[in-house]
Amino acid sequence: MIVEVRSEADCAAPWEAAVSEDARALLLAAKLEDVELSVLLTDDPGIQELNAEWRQKDSPTDVLSFPQDDE
């Protein structure tokens, strides 16, 4: 199991360890041990930029998800 958590926003940095621990616990509870999960913690301007780039929607959103094996 690989869990990578990083933050782009200063306000999110203190949450990296807690998010990583919770993600690991959830994956173990779901019996998903041979997986990789990457999480980016960001602020509204950061997620708005990603949403515009990947979904052509120029507004913030709560979650963006991408399949790992998709090119």
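Let's begin with L41, which touches V5, R6, S7, E8, A9, A12, W15, E16 and V19, not counting residues up to four places away in sequence; contact here means heavy atoms within 4.5 Å. You'll find L41 in strand β2, residues 36–41. Helices (H or I, at least four residues) and strands (E, at least two) are DSSP runs, numbered from the N terminus. A29 sits 12 residues from L41 along the chain, and the C-alpha atoms of the two are separated by 23 Å.

Before going on, a word on where this comes from. This is a predicted model, where local features need pLDDT of at least 70 and side-chain atom pairs count only at pLDDT 80 or more, while totals for chains, interfaces and linings use all residues. Residues are numbered from 1 along each chain as its sequence is written, and side-chain values use heavy atoms, with hydrogens and water left out.

Now zoom out. The protein chain has 2 helices and 2 strands, running β-α-β-α from the N terminus on. Its C-alpha trace spans about 35 × 30 × 15 Å along the principal axes. Of the contacts with a separation of 6 or more, 47% are between residues 24 or more positions apart.

Buried means under 20% relative accessible area, exposed over 50%, and partly exposed in between (1.4 Å probe, protein chains only).

| Residue | Relative accessibility | Class |
|---|---|---|
| L41 | 18% | buried |
| N51 | 1% | buried |
| E49 | 58% | exposed |

Helix α2, residues 44–55, holds E49, and N51 is found in helix α2 too. Leaving aside neighbours within four places in sequence, N51 is in contact with Q56, K57, S59, P60, T61 and L64.

What about charge? E49 is one of the residues in a negative surface patch, along with E8, D10, D43, D44, E53 and D62. Over the protein chain, the mean positions of the 5 positive and 18 negative charges are 6 Å apart. Lys and Arg count as positive and Asp and Glu as negative, with His and the chain ends not counted.

Notes:
The place of a charge is taken as NZ of Lys, CZ of Arg, CG of Asp or CD of Glu. Patches are made of residues with over 30% relative accessible area and no salt bridge: like charges are joined within 9 Å, nonpolar side chains (Val, Leu, Ile, Met, Phe, Trp, Tyr) within 5 Å. Accessible areas come from the Shrake-Rupley method with a 1.4 Å probe; for residues, only the protein chains shown count as cover. A salt bridge is a side-chain nitrogen of Lys or Arg within 4 Å of a carboxyl oxygen of Asp or Glu.
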